[in-house]
Amino acid sequence: MKAIAYTHNLPATDAASLQDITLPAPTPGPRDLLVRVHAISVNPVDVKIRANRKPQEGRPEVLGWDAAGVVEAVGAQVSLFQPGDRVFYAGALNRPGANSELHVVDERIVGAMPESLDFAQAAALPLTAITAWELLFDRLRVLANAAPSGRTLLVIGAAGGVGSILVQLARQLTGLTVIGTASRPETRDWVLQAGAHHVIDHTRPLADELARIGMPQVDYIAGLTNTDQHFDAMTQIIAPQGAIALIDDPAEIDVRKLKGKSASLHWEFMFARSMHQTADMQAQHDLLTRVAQLVDAGRLRTTLGEHYGTIDAANLRRAHAFIESGRARGKIVLEGFGG
């Protein structure tokens, strides 16, 4: 089967950083689906691993943790899907990625594709939807109740992949006032279209920007990017007994600054359930099922921002380079393996 892999940690601009290769087709395990991949999307995790995780000597490593496709075969213990089903999922970080024509994935972290979306539109959603859902409802423990709560959520980096769906989920399923950050006119418009009540500029002091809209403190903060830069401001603007959830990898933060407000800090890592085979691993299947229902009901929309063409090494290198630029809006998607 065709696949795209890396063998050395090289810059995305290097033609050898990602290469087209041929691999044997994988065999599904007892709880696995064998999926023919139709579309993929690219996430910052792909970029980080390509740059930092050294492959085993002589063994190409396949990236890709967002896919949409069709089930070709199922393992002996599979009960949720059957061949012919259209599915979308993010996969597991400790298994080969989905940048290949065929891919195996545990059924417990897979959802049935929204009927109203094509493969490219669906591939934009899984990793970010899981991350946003778990951050909002499992980590921050926001109630899924659309009645106005008087509480506020600040989403730092709201135009990116996770922010694009987090803003939608918070607006559609909670009573929070949603404030997103964006720094350019096109990303500001994107965040407003996702449903944010307000948009502020994260290149300016966050405290000043919140004061400008009459909200000097917020009850919840989703820190999706540049936490090193923003953490001191977060500790200033979080309300007493508020909660902060992070998804990025700050080098050093002083959590003691939260003690005086009895504020809490949480980490969201959507691969934790699959990596540790947790007892509630199927929660990701359940939440993707719910996301698909919300999409088909017209309450959520795909976060596809750019379509980069067919799935090959050259297009993936372009996608990695664009994500590294920090200017991505929504998700970058590739579709089909060509002739």
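Predicted model: local features only at pLDDT ≥ 70, side-chain atom pairs only at ≥ 80, totals over all residues.
User: Which residues touch the most other members of the largest nonpolar core?

Analyst: As a general idea, nonpolar side chains in soluble globular proteins tend to be buried together. Here the largest nonpolar core has 87 residues, of which Tyr89, Leu136, Leu153 and Leu334 touch the most other members. Helix H3 (residues 126–139) contributes eight residues, the largest share of this core. A second, separate core holds 20 residues, including Ile200, Ala207, Ile221 and Leu258.

User: At what angle do helix H4 and helix H5 pack, and how far apart are their axes?

Analyst: Two packed helices are described by the angle between their axes and by the distance between those axes. For helix H4 (residues 161–173) and helix H5 (residues 185–194), the angle is about 35° and the axes lie 8 Å apart. On the H4 side Ser164, Val167 and Gln168 take part, and they meet Trp190, Val191 and Ala194 in H5. By class, this contact has four nonpolar residues, two polar ones and no charged ones.

User: What is the order of the strands in the open sheet, and is the pairing parallel or antiparallel?

Analyst: Strands of a sheet pair through backbone hydrogen bonds, in either a parallel or an antiparallel way. In this open sheet of three strands the order is E2-E1-E4, and the pairing is antiparallel. Strand E2 (19–22) and strand E4 (61–62) are the edge strands, each pairing on one side only. Strand E1 (residues 2–6) is joined to E2 by four bridges, and Ala3 stands opposite Ile21 in E2.

Notes: Residues numbered from 1 in each chain as written. Heavy atoms only, no water. Axes fitted to C-alpha atoms, helices over the stretch in contact; angles between N-to-C directions. Helix = DSSP H or I, 4+ residues; strand = E, 2+ residues; numbered from the N terminus. Contact = heavy atoms within 4.5 Å. Nonpolar A, V, L, I, M, F, W, Y, C, P; charged D, E, K, R; others polar. Pairing = 2+ DSSP bridges. Core = buried A, V, L, I, M, F, W, Y, C linked by side-chain atoms within 4.5 Å. Buried < 20%, exposed > 50% of the residue type's maximum accessible area, 1.4 Å probe, protein only.
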